Amino acid sequence: MEIREVAVVGLGTMGAGIAEVFARAGIGVIAIEADPQALRQGLGTLDASLSRAVSRGRLAAGEQAEIRARVRPAAAFSEAAAVDLAIEVVPERMEIKRQVFAELDRVCGPDAILATNTSSLPVTSVAAGTRHPGRVVGMHFFNPAPVMRLVEVVSTVLSDQAVPAAVAALARRLGKVPVEVGDRAGFVANALLLPYLNHAVELLAARYASAADIDRAATEGMGLPMGPLALLDLIGLDTSLSILEVLHAEFGLPRYCPAPLLRRLVAAGRTGRKAGRGVYSYGDGQPAGADSGPAGLAGAGAPDTVTLIGRGDEQESSFASVLASAGLSVTRNPAHPSDLVVIVAAVGQPVLPAALAAGRGDQAVGVHFPGGVKEEGLAELVRTSLTTDATMAAAHALAARLGVSVVQAPDRPGFLVAALLYPHLADAVLMAQQGYADAADIDTAMTLGCGYPRGPFELIDAIGAAEVLAGLEAMHTAYGYPGFAPPLLTEHAAAGIGFATAVRAGR
Ligand code: CAA
């Protein structure tokens, strides 16, 4: 099955990106787009992306012209008669997909592969409506397609075995890494990513944390390339909402049930970057207010004396050294007068009991360092129901004096970073437990599809299964959500074995 020429149907952002990927690999592309304005826009996206590559010195100007010449715009499906593969990248509505596939089925030769870039609709239903369902597969790219290296290759119970194998080989030829999976809503990456993004919207709606802090928790606290709310704006809130609806219909779990705020933002036309407004507003392409600090807390002076309360762990001793080197006077005795009481917190353990025990709940704030106390690390400032605004202001001023980047979180299990991350890790464990994909494929999907520096299982191994489990158990106790206690994680925590060890051992 040699692929020399392909058709890309639909030239929106993803279609234009996919056309670029094929053309860059030396493959001729027939770009089918019936709407002349959409065609112009799509070609504009392609040109802008190639020009940016040239201006960054990643592509020679001559190559740009050659790549561009490989893309032939067309308005009619009949132009795809001789292609070896056609991929549709049209809106995520089954009736539109079916129409496109009926046309492709009619015009393409019987050996041509027909692929859908659907991110969540059943590939099987698309295939079943065609004359040769064996040649229909999912070929799912990630946004921005020229950059993200993952391609999910989705086969159905109707697929001819050679077809997904040929598409996986093609993905490698494009410089991508294929992960081959069966036909289940959201495949690997979206089934994990979308509930996490949805959860971030729930946290925002509940005023659990500010948008900027939620995003900073992901980037600075977990090392992810983008925060979940900024990522929603990139993917499109409308697209994300439709994927969540499909996931919710398929799996029924509350984590997939779209957050009401997400629905309202979509209804208001705030669909993300493409609309100039989503969770954030984009005047000149930059989100507005992403760096705004906590409201009403400016102007407080940094404390000079701090009462430090902890459990005698490493975070406490490291933080005590940081305070001492910054010239602060530190006492361990809550009865001594001081400007601020700082309680060094641990995930899964509330701050409030220690604040009450200190007898100065109004002056007490928790601090937690998700990645340990280190330079350029992130600290979570934990506000209990007794902490006053003045205390929070002093805590922020202290962080500024120490040069520590902070996010603010309520005194709830997981604070902010783990509250966002651990359920996401639990979803990944659940997926492996269900046998849909193994730990290695899930890690590949999330690193190459979403730019994670480490996949969910590598993260669990780095944090420690027992630690993640303890955090999840605290959330499970607080919220009662069954997905927060996956047995596979309990097994790993009990046995003290990492997932990488299990993968190597072929378990
Ligand atoms: N098109 C083409 N190239 C692009 C691009 C675009 N839209 N956006 C960025 N790039 C290129 C840049 O030109 C740059 O290339 P060079 O290194 O060759 O110069 C490179 O990508 C890095 O870009 P920047 O330096 O501008 O920005 P960055 O380092 O912040 O990276 C990012 C941007 C690649 C988008 C990064 O933030 C990232 O990986 N984000 C996560 C994206 C993600 O999760 N995508 C998956 C979404 S889910 C999905 O798509 C599935 C679905 O079905 C909904």
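In this predicted model, a backbone N or O atom of Asn143 lies 2.8 Å from a nitrogen atom of the ligand. Asn143 belongs to a set of 21 residues that surround the ligand, and it is listed among the closest, together with Arg52, Arg56, Arg58 and His140.

| Residue | Atom of the residue | Atom of the ligand | Distance |
|---|---|---|---|
| Asn143 | backbone N or O | nitrogen | 2.8 Å |

**Glu20**

Glu20 is located in helix 1, which spans residues 13–24. Is this residue, Glu20, buried or exposed? Its relative accessible area is 2%, and because the cut-off for a buried residue is under 20%, Glu20 counts as buried. The side chain of Glu20 forms a polar contact of 2.7 Å with the side chain of Ser49. When neighbours within four places in sequence are left aside, the contacts of Glu20 are Leu46, Ser49, Leu50 and Pro146.

**Helix pairs**

Helix 8 (residues 211–222) and helix 9 (residues 228–235) have axes that come within 7 Å and cross at roughly 95°. The two helices are therefore roughly perpendicular, since angles of 65 to 115 degrees fall in that class. Helix 8 contributes Ala211, Ile214, Asp215 and Ala218 to the contact, while helix 9 contributes Pro228, Leu229 and Ala230. By class, six of the residues in this contact are nonpolar, none is polar and one is charged.

A second pair is formed by helix 15 (residues 417–433) and helix 18 (residues 465–479), whose axes come within 10 Å and cross at roughly 105°. This angle makes helix 15 roughly perpendicular to helix 18. On the side of helix 15, the contact involves Ala418, Ala419, Tyr422, Pro423, Leu425 and Ala426; on the side of helix 18, it involves Glu467, Val468, Gly471, Leu472 and Met475. The contact of helix 15 with helix 18 comprises nine nonpolar residues, one polar residue and one charged residue.

Technical notes:
Residues are numbered from 1 along each chain as its sequence is written. This is a predicted model: local features need pLDDT of at least 70, side-chain atom pairs count only at pLDDT 80 or more; totals for chains, interfaces and linings use all residues. Side-chain values use heavy atoms; hydrogens and water are left out. Helices (H or I, at least four residues) and strands (E, at least two) are DSSP runs, numbered from the N terminus. Buried means under 20% relative accessible area, exposed over 50%, partly exposed in between (1.4 Å probe, protein chains only). A polar contact is a pair of N or O atoms within 3.5 Å; within protein, one must be able to donate a hydrogen and the other to accept it, and residues adjacent in sequence count only if both atoms are side-chain atoms. Contact means heavy atoms within 4.5 Å. Axes are lines fitted to C-alpha atoms, for helices over the stretch in contact, and angles run from 0 to 180 degrees between N-to-C directions. Angles under 35 degrees count as roughly parallel, over 145 as roughly antiparallel, 65 to 115 as roughly perpendicular and the rest as oblique. Ala, Val, Leu, Ile, Met, Phe, Trp, Tyr, Cys and Pro count as nonpolar, Asp, Glu, Lys and Arg as charged, and the others, Gly among them, as polar. A residue is near a molecule or strand if one of its heavy atoms lies within 4 Å of it.
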